[in-house]
Amino acid sequence: MEKSQDRAIAAGRPLRRGALAMGLAVSLSTTAAHAQSVDLSRWSPDYIRSIAGTEEVDTAAECSKVVPLDTKGRVSVWWTGPNDASPDISRKVHEEFWAAFKAAYPNIRLDYQNIDYNQLIDKLRTATLGNAAPMVVRLQILGSVEFASKGYFMPLKPEDVGYSAADFWPGALKSVTYDGVSYGIPTNNETMALIWNADIFRRAGLDPDHPPATWDDVVTYSRQIHDRLGLSGYGLVAKQNAGNTPFRFMPQLWAFGGGALDEASDKPTYKAVEINNDGAKAALQSIYDMYVRDKSVPVSALTNTQNENQNPFIAGKLGMMIAHPAEYAKMVDLAAKATGADKAVADQVVQNMRYGLIPKGPARRAVVFGGSNIHIVKTDYVDGGLDEKAAKALVCFWTGPEWSTKLAWVDSNPSNLRGFKTKWMKQRLDSIKFLDVTTSMLPNGIPFPVIPESTEIMNNIVPDMMQNVLTQKMSVSEAADDAAGKVQALLDGQ
């Protein structure tokens, strides 16, 4: 059954609700009991389409019950928004969000800063130490527990801004919970997919309609593309201190049966170090094979983020990569801006762009359960002190079914499950190609370890381990053991 489901998704065809629901029954059995407005036990592209457009939402009216619309005050916020690599629609939606909030709360002054993804955590660390933080911060899922554990964030749960915890994925709420207390609310849930160029597959002698089913296949396909066409087969990302790296490598490591800790298990303790087990070493060996042995991935992988994969892909020089639905919108944008011969190539790439499930390994199919969470900083650490009412008005607006859907337009999924029932979700499904694929990956999502040390492990120890292997500074076993020692020392407080 799994093979037929995989083929349907890879070809962009909707899956039968019953087929996918059967496969998800175990992983979603506990989740379904919590959700009030959406039946997660029926999760499938067909079910998502069946509920889209069935609920009307008035965000201002809902938030007015929490914070009156005539409230006076000010709110400062940091977040990572669209950048130069983002599709135009992302910038447009963010502008509409700020305009809508100002219209609903005309007496609340806004001070908002869009800060680069790879700089936000470090900047917030400095700001909190100097009591110069913003009132509100939307932080990538990886950083939430670090700041909560240090006492920087106020306790904050969906009920505090008028929503129900039952209308958020339990896995997402887990990422904002420390020592049994919730310190934030999810704003969006991310899962990614494998993207490939069907024309490159065809010319390399690969089936253009069938992506690699396993990570071993990725290595084989990447080598075949390189050997036959002289192109990079797979867009490996291995930059140090960059979130793109663990988001693309950890699914591979989990698939082989590895883990930073035991986060991939059903009941993780976050105490067992698994970054040097046999599965983790097999995953490291596979990237070594692509980078060192086969030379089938970009030489620049050591300093690449996903942004550096975009131009080679639109130029028809990269066969496969892992990314969000936003990549399709970005490729459409790049093709529209191309001229001459580049335009013809770019248009062909867009026509041959395909999405499929992230490959599986001997242990499982996995993807990072990612996204972002929004937090309110305690007044002692805020520049000028906290205006709690204004902060909660903004959080309510951001995490409701309307804007958690719109702000995730081409990038991810709404955090508020009611968002799947809105007319905006229906518009997304009708207008964003391949959205069904990444949405279907949600049940395969594994959160990063929900411990304060997770940021250091994922952004530094994991990329350093990869770099040690790819630069041949260490063998696979040496690099894995070195990483395990660093993780254990971190857990021991050294």
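Reply:
**Helix packing**

H13 and H14 make a right-handed crossing, in which the near helix is turned clockwise from the far one by less than a right angle. Helices (DSSP runs of H or I, at least four residues) and strands (E, at least two) are numbered from the N terminus. The model is predicted, so local features need pLDDT of at least 70 and side-chain atom pairs count only at pLDDT 80 or more, while totals for chains, interfaces and linings use all residues. Residues are numbered from 1 along each chain as its sequence is written, and side-chain values use heavy atoms, with hydrogens and water left out.

H13 covers residues 307-314 and H14 covers residues 326-337. Their axes (lines fitted to C-alpha atoms over the stretch in contact) lie 11 Å apart, and the two helices pack at an angle of about 55°; angles run from 0 to 180 degrees between N-to-C directions. H13 is therefore oblique to H14: under 35 degrees counts as roughly parallel, over 145 as roughly antiparallel, 65 to 115 as roughly perpendicular, and the rest as oblique.

On the H13 side, Gln310, Asn311, Phe313 and Ile314 are in contact (heavy atoms within 4.5 Å) with Glu327, Lys330, Met331, Leu334 and Ala335 of H14. These residues of H13 and H14 comprise 5 nonpolar, 2 polar and 2 charged. Here Ala, Val, Leu, Ile, Met, Phe, Trp, Tyr, Cys and Pro count as nonpolar, Asp, Glu, Lys and Arg as charged, and the others, Gly among them, as polar.

H13 and H14 each also supply at least two residues to the lining of the second largest pocket. So do helices H5 (88-104), H6 (117-129) and H11 (244-255), together with strands E3 (136-140), E6 (185-190) and E12 (370-376). A pocket is an open set of points on a 1 Å grid over the protein atoms alone, where a 1.4 Å probe fits, with protein on both sides within 12 Å along at least five of seven lines; lining residues have an atom within 4 Å of a point. This lining has 39 residues, and Thr80, Asn83, Tyr117, Glu190 and His324 lie nearest the centre of the pocket. Its residues divide into 12 nonpolar, 20 polar and 7 charged.

Two other helix pairs share H21. H12 (residues 278-293) packs against H21 (residues 476-491) at an angle of about 125°, with 9 Å between the axes. This angle makes H12 oblique to H21, and their crossing is right-handed. Lys281, Leu284 and Gln285 of H12 make the contact with Val476, Ser477, Ala480 and Asp481 of H21. By class, there are 3 nonpolar, 2 polar and 2 charged residues in this contact.

H20 (residues 454-470) also packs on H21, at an angle of about 160° and with the axes 8 Å apart. H20 and H21 are therefore roughly antiparallel, and H20 crosses H21 in a right-handed sense. From H20, the residues Glu456, Ile457, Ile461, Met465, Asn468 and Val469 meet Val476, Ala479, Ala480, Asp482, Ala483, Lys486, Val487 and Leu490 of H21. The contact of H20 with H21 divides into 10 nonpolar, 1 polar and 3 charged residues.
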